[in-house]
Amino acid sequence: MYKIPHQLLNCKSLRKLSMRKCGGGKTAGITLPKSMCFPQLQVLCLVGFSVSNVEIMEKLLSSCPVLKTFHISDFDVQTQHNLIVESTSLENLVLDTTGCRHLGHTDHGVTSVTKLCAPNLKDFFCKGLMTQEYSFGNFSSLGNAAILMKLKMKSKDETLDTYSKLPVEEKEVYAKSMMKFLVAVHKVVSMRLSFGFLEVLSRAPNLLDCPHFCNLQYLKLEMWFTRDSLRSIAYLLRNSPIIYSVVLTSMESNSEDIGTDWEAGLSLPGMLSRLKIVEIKEVVGCDSELKLLSYLLKNARVLEEVALFFRSSVGSPDRVRQVKQFRDTLRALPTASSNIKIMLF
């Protein structure tokens, strides 16, 4: 247990404080003084520590009235409680709870909740387990925010195959949590979601009630090109009226037949009316990639640029032929826009 000196946590002139535990292993316990005061602190970084209760964390944050950036990772509380991050001055938040033993874990049916109340937040990077629940308070100006969400299940080696073998009940828990997250951040301008998010989201019983992202302009996704993932991204795009740019990264090749009716009910008049840029990385030339592109081409009326970057594992002897065949098939598809530049790399 490390005791942080009273003098350090009451330094009136300090503007940046970064405390990191050296070496690997478990988090190191720390004790904080009863009174703390940082009238000029703008950057606070805590990595690799644990505290006895969340009230100490709340007291620490409340002692920083002009805090702009807060980075907390590999940080834990020794008892299961809700973690509350509340600050009217906070603009940048980095929150990594993947190493926490109590945050986001279930204890006798009770799951802790990370509660955020930051009305002036502009950038939010979150890395956590899919069982973690988030509650967002006053986000009155979240329209200017950018969200980067990297979510993990339990396995370190998470693939489409490992996810498909999970129990249905566990998939539904993940799905409900992800839907709550999307509802909470529906006003963001820029959003980046990690692989598996779409596949998990597809299991939500209320997927048809996917929120409208009235401010979303930039969307980045790492995805498995499965039928469920394609339907999930179609819901997101359909409900993003001013989306401008979509960047996708294919995480795994997929031989699954997604059928011809996967997009049933997902096209609306006027949707994707501002989409101009589509980029897909790690393309393998599978049928599901082609069908997603077909969906985008026939709905995006002002689309200007489609950039496809083929995966290096695409067989080099046949690569030229494969790319040409994919390009020819793509260019034969009907398009809503008359001014599209298609580039293959």
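Rings of Phe, Tyr and Trp (its six-membered ring) pair if their centres lie within 6.5 Å, with planes under 30 degrees apart counted as stacked, over 60 as edge-to-face and the rest as tilted.

1. **Aromatic pairs.** Going by that rule, there are 4 aromatic pairs here. One of them joins Phe309 and Phe345: the ring centres are 4.7 Å apart and the planes sit at 15 degrees, so this pair is stacked. Phe309 is in strand β20 (residues 305-310) and Phe345 is in the segment after β21 (341-344), so to speak bridging distant parts of the chain, 36 residues apart. Helices (H or I, at least four residues) and strands (E, at least two) are DSSP runs, numbered from the N terminus.

2. **Ground rules.** This is a predicted model, where local features need pLDDT of at least 70 and side-chain atom pairs count only at pLDDT 80 or more, while totals for chains, interfaces and linings use all residues. Residues are numbered from 1 along each chain as its sequence is written, and side-chain values use heavy atoms, with hydrogens and water left out.

3. **How covered are these rings?** Buried means under 20% relative accessible area, exposed means over 50%, and partly exposed is in between (1.4 Å probe, protein chains only). Phe309 has a relative accessible area of 30%, which makes it partly exposed. Phe345 is partly exposed too, at 44%.

4. **A second pair.** Phe310 and Phe326 make an edge-to-face aromatic pair, 5.7 Å centre to centre with 90 degrees between the planes. Phe310 belongs to strand β20 and Phe326 to helix α7 (residues 316-331), so the pair ties together parts that are 16 residues apart in sequence. Both Phe310 and Phe326 are buried.

5. **Helix α5.** The expected span of a helix is 1.5 Å times one less than its number of residues. Among the buried ones are Arg231, Tyr235 and Arg238. What do the buried residues of α5 pack against? Their partners are α3 (168-184), α4 (197-201), β17 (218-223), β18 (245-250) and α6 (287-299).

6. **Ser232.** Have a look at this residue in α5. Ser232 is buried, with a relative accessible area of 0%. Its side chain reaches the backbone oxygen of Leu198 at 2.9 Å; a polar contact is a pair of N or O atoms within 3.5 Å, where within protein one must be able to donate a hydrogen and the other to accept it, and residues adjacent in sequence count only if both atoms are side-chain atoms. Contact in general means heavy atoms within 4.5 Å. Setting aside neighbours within four places in sequence, Ser232 is in contact with Leu198, Leu201, Ser202 and Leu207.

7. **Helix α6.** This helix has 13 residues and runs 19 Å from its first C-alpha to its last, close to the 18 Å expected. In α6, 11 of the 13 residues are buried, so α6 is largely enclosed by the rest of the structure. The buried set includes Glu289, Lys291, Tyr295 and Asn299.

8. Leu272 has a positive phi of about 55 degrees although it is not a glycine. Leu272 is in the loop between β18 and β19 (277-283) and counts as buried at 1% relative accessibility. Glu282 also has a positive phi, near 60 degrees, in a residue other than glycine. Glu282 is placed in strand β19 and is partly exposed, with a relative accessible area of 34%.
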